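Thanks for asking me to look this one over.

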Amino acid sequence: RWRVMVTPMPDEVSVLAQRLLGSRPDRIVPVGGGGNNRIYRVDTVEGPVALKGYRVDDGDDRDRLGQEWAALTLISPRLPDSVPRPIARDRASGWAAYEWIAGDKVETVSDSDIDAAVAFVRNLQTLRNEPGAADLRLASEACLSMTELSTQIGRRLGRLAGIEPIDR
């Protein structure tokens, strides 16, 4: 269940953007999102902004918006250009506005993509003793050892094996 409709109507997104940003957006374009969120590019007179809505399920006490907001608030000033800067959030509706970082979807992973990911993780490691870092919660399915990773992969493969294929 979503606090806001699964796919909000353009007018609803415009109202959310105006409430978070303080001015009416010039243009709103849906750009994706997975099962846990919806993302829109919101063009304003100051430039583009990412507007993100977070899924909230009954019985699920995870605070996806709060977790991401806390992590980005810690990381963005210390590793500029690596993650988006938080701009505004509305906990009641489950939506937040972030700096827009332009880029392209990775279709084929290259060695330079892997090198960039490893460099980012190394940079994150340098922040582990920063004030507030210890307060960040682990991701829902964080794996801190090879044993945990292997167990998680086995569990997921088991779930997939139990699903009847709809279309071969």
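1. In which helix is arginine 64 found? Arginine 64 belongs to helix α2, which covers residues 64–75. Please keep in mind throughout that this is a predicted model.

2. Next, is arginine 64 buried or exposed? The cut-off for buried is under 20% relative accessible area, so arginine 64, at 17%, counts as buried. Leaving aside residues up to four places away in sequence, arginine 64 touches Asn36, Tyr54, Arg55 and Asp57. With Arg55 there is also a polar contact: a polar atom of the arginine 64 side chain lies 3.1 Å from the backbone oxygen of arginine 55.

3. A word on confidence. The average pLDDT of the chain is 87, and 92% of the residues score at least 70. The stretch to treat with care is residues 1–6, where pLDDT stays under 50. Where pLDDT is low, the predicted coordinates should not be read in detail.

4. Now the overall layout. The chain has four helices and five strands, and from the N terminus on the elements run α-β-β-β-α-β-β-α-α. The C-alpha trace spans about 50 × 45 × 35 Å along its principal axes. Of the 168 residues, 27% count as buried. The accessible surface comes to about 11600 Å², and carbon and sulfur atoms account for 53% of that surface. Among contacts between residues at least 6 apart in sequence, 50% join residues at least 24 apart.

5. How many bridges join β2 and β3? Strand β2 (residues 37–44) and strand β3 (residues 47–54) pair in the antiparallel sense over eight bridges. The two strands form a hairpin, with two residues between them. Within this pairing, asparagine 37 stands opposite tyrosine 54, and arginine 38 has glycine 53 as its bridge partner. Tyrosine 54 is also one of the residues that arginine 64 touches.

6. Strand β3 pairs with β5 as well, in the antiparallel sense and over five bridges; here lysine 52 stands opposite alanine 96. Seven of the eight residues of β3 are buried, so this strand is largely enclosed by the rest of the structure.

7. Finally, have a look at alanine 17 in helix α1 (residues 10–21). Is alanine 17 buried or exposed? Alanine 17 is buried, with a relative accessible area of 1%. Beyond four places in sequence, alanine 17 touches Gly22, Ser23, Pro25, Val42 and Leu51. Alanine 17 and alanine 96 are 79 residues apart along the chain, and their C-alpha atoms are separated by 8.8 Å. Alanine 96 is the residue in β5 that stands opposite lysine 52.

Conventions:
Residues numbered from 1 in each chain as written. Predicted model: local features only at pLDDT ≥ 70, side-chain atom pairs only at ≥ 80, totals over all residues. Heavy atoms only, no water. Buried < 20%, exposed > 50% of the residue type's maximum accessible area, 1.4 Å probe, protein only. Polar contact = N/O pair within 3.5 Å; in protein donor to acceptor, adjacent residues only side chain to side chain. Contact = heavy atoms within 4.5 Å. pLDDT = per-residue confidence, 0-100. Pairing = 2+ DSSP bridges. Areas by Shrake-Rupley, 256 points an atom, 1.4 Å probe, with all protein chains shown as cover.
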